[in-house]
Amino acid sequence: MDGPLISALHEAMTASLLQRRRLLGGVALAGASALLHRPLWAADSEPDVIVIGAGLAGLNAALLLEQFGLVVRVIEARQRVGGRLFTLDQVAGRPEAGGNQIGSSYARIVDTARRLDVMLETSGSSPLLRPDGMVYDIAGLRLSTADWAALPNHPMPPALRAMTPDRALARAIGASPLGSISAWREPAAQQFDRPLTEHLRSQGLSEEALRLMTANNSYGDKLTETSLLMMYYLQTSLAEVMKFKGPAQNVLGGNQRLPEAMARALQGQLLLGRAVTAIDAGLTVGMPAGKARATVSCADGSVHRARFVVCSLPLPAMRSIRFTPALPELHAEAVQQLRYNKITQLHLEVLRPFWESEGRLPFVWSDGPLGRVFPNDEKGNGQAQTLTIWSTGAGTKHWDKLTEAEAETLALAEMTRLFPSARGALRLAQRVCWHQDPLAGGSWANWAPGQISRFAQAVVQPHGRLHFAGEHTGFTIRGMEAAMESGERAATEILSRL
Ligand SMILES: Cc1cc2nc3c(=O)[nH]c(=O)nc-3n(C[C@H](O)[C@H](O)[C@H](O)COP(=O)(O)OP(=O)(O)OC[C@H]3O[C@@H](n4cnc5c(N)ncnc54)[C@H](O)[C@@H]3O)c2cc1C
C-alpha cells in the first residue's frame, strides 16, 4: 500500500473521529452492554460491509471503512471484543493472557491508541526478570544460570551455553538473509522454506541440544514442523522492531482497552455473541454487479447481507464455517492444514513473595511441566501479584488433560519442588488454553516447511465479495501490528472496488 493512501486514510479517520466526539457530546459509553445497544440509527439497515471478528484486524478494517462513509456491521462470536488480546481483569494485577508487548515500531497500534485517547505505558525492565537470576530446571536438576553455563558435558556448543535453549535456538538460526521485512513472501525466499532441523543439524548440533531447543518452542511441537523461512521472517520482524530502539509498551489498564476503545469508536452495529457458521461470497451467476450481495449466516439463525464481507478469523476458526462457493483449493487446504502455536498458561496469584527468602527469582526455564515461569511485574518495581506458567508446543500436554484442581495441584507441586518456601504462597487464579479455544485454535500461525510457498498468497486472495484479514495475512511485523496491517489491506481492497 502506498504512503499517500495511508495518509489519506488517517486524515479521514481523524476528521471523522473529531466529528463523532462532537456528536457524542461527552456521553460515556463503557462496557459490552453499551456496545451492543448502539448506535440506533444504523440498527436495521443493510450494511455495505460485514466484518466478521472483532479482534484488532476486524476492528481496524471496520473503522477505516467507516471513515470513507460505508455502513459497517461487525459480528463477533464472543461476548467481548479483542480476540487474542485478552486482559484477565478478574485476576489481581490484570495479567495479559493474550497479546502482551507492543513494540515501539508498531506504528498502527501506537497511532490508533493516540487517536482514541488510549494511554500506553512503558513496560518497566523488571529486577525479577534478570537473566542471570533465572532458575534452570533441566532433567530434574535445579541450576542457577552460572551452574547451567558451566555444566559438565554441556549439550550446547560453547557459544550457546550461557543462555536459555530458546535463545540459543535464535542464535543458532543466525542472521536472516532476507533483504526486507516482506521478502519472506517472495519466490526468491522459497529456498529457505524447509525444515528448521535440517539447518540446525548442518551446524553439528547434537540431538540433546535439539531436544532442549524444542522444549518451550513457540513455533511448533517439533522443529521438523517449523519452516526455516518462518524463523527468518521472525528474525527480520524482530530486527525491524529493534530499529526503533524505544522500550516495549502496554496499554494502561490492560491491552484489551485498545480494542474496546476501537469498538466504542464504531458508528455501525457491533453484534456480540453471534457465531458465524456460513458465508456465501455473492458469486451468483447472472446477478447484475450492483445488486449482488454476500450473505453471512449465524448460529442463532440470523442472516445478514452486504455488498462485501471481511473475514478476519484465524484459520483454525474458519474450519467450522461453510463457504459458498467453496474456497479456492489452496486456501481451503491452508484452513485445514496450517497449525497454530499451542499455549497453555496458568496464572498463579502470589499470596506471599516467597522468592525473597530463597535468594532466587521466580523466573524459570524448565524442560519439565513448568515450561517457563514469568513474574508479572509490568511496572518494573520488583513486585509481582501474579506469576504465569507459560507452557508451549508439546509441553502443553502436561496440563491439557487435567481438571482445574489437578492442574493447580501439579503447578503448586512443581513450584514447591524448585522453591520450597513457595508452599502455601500461591494459588491458581486462571488457566487459559489458546489451542483448545475453537475461536482461536492457538496463539499464532506456525508455518510448517513448504507452507509459506504454497499458502501465503492464497490466504489473502479475495473470494468473490469476501476479503480476508487477520494476523496470518500480515506482510510485515508479526503479531498485533500484522493484524492491524491486514485490516487496513482488506479495507483498501474493498474501497478500490467501489
Ligand atoms: C498468548 C499470546 C501472546 C501474544 N503475545 C504477543 C505480543 O507480545 N506481541 C504481539 O504483537 N502479538 C502477540 N500475540 C499475537 C496477537 O495477540 C495477535 O496476532 C492479534 O491479537 C491477532 O488479532 P486478529 O484480529 O488477527 O485475530 P483475533 O484477535 O483472533 O480476532 C479474531 C476474532 O474472530 C472471532 N471469531 C472466531 N470465530 C468466529 C466466528 N465463527 N464467528 C464470529 N467471530 C468469530 C474471535 O472470537 C476473535 O475475536 C500474542 C498472542 C497470544 C495468544
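1. In this predicted model, α3 contributes the most to the shell around the ligand, giving three residues; helices here are DSSP runs of H or I with at least four residues, strands are runs of E with at least two, and both are numbered from the N terminus. Residue numbers start from 1 along each chain as its sequence is written. Because the model is predicted, local features need pLDDT of at least 70 and side-chain atom pairs count only at pLDDT 80 or more, whereas totals for chains, interfaces and linings use all residues.

2. There are 35 residues around the ligand, and those that come nearest are G53, G55, G83, G99 and G479, where a residue is near if its C-beta atom, placed from the backbone, lies within 6 Å of the molecule. The elements giving two or more residues to this shell are α3 (56-67) and α16 (480-495).

3. Sorted by class, the shell holds 19 nonpolar, 12 polar and four charged residues, with Ala, Val, Leu, Ile, Met, Phe, Trp, Tyr, Cys and Pro taken as nonpolar, Asp, Glu, Lys and Arg as charged, and the others, Gly among them, as polar.

4. At least three shell residues come from each of domain 1 (3-85 + 252-327 + 463-495) and domain 2 (126-155 + 342-442), the bounds being those of an automatic or database domain assignment.

5. As for the whole chain, 16 helices and 20 strands are assigned, and the C-alpha trace spans about 75 × 50 × 40 Å along its principal axes.
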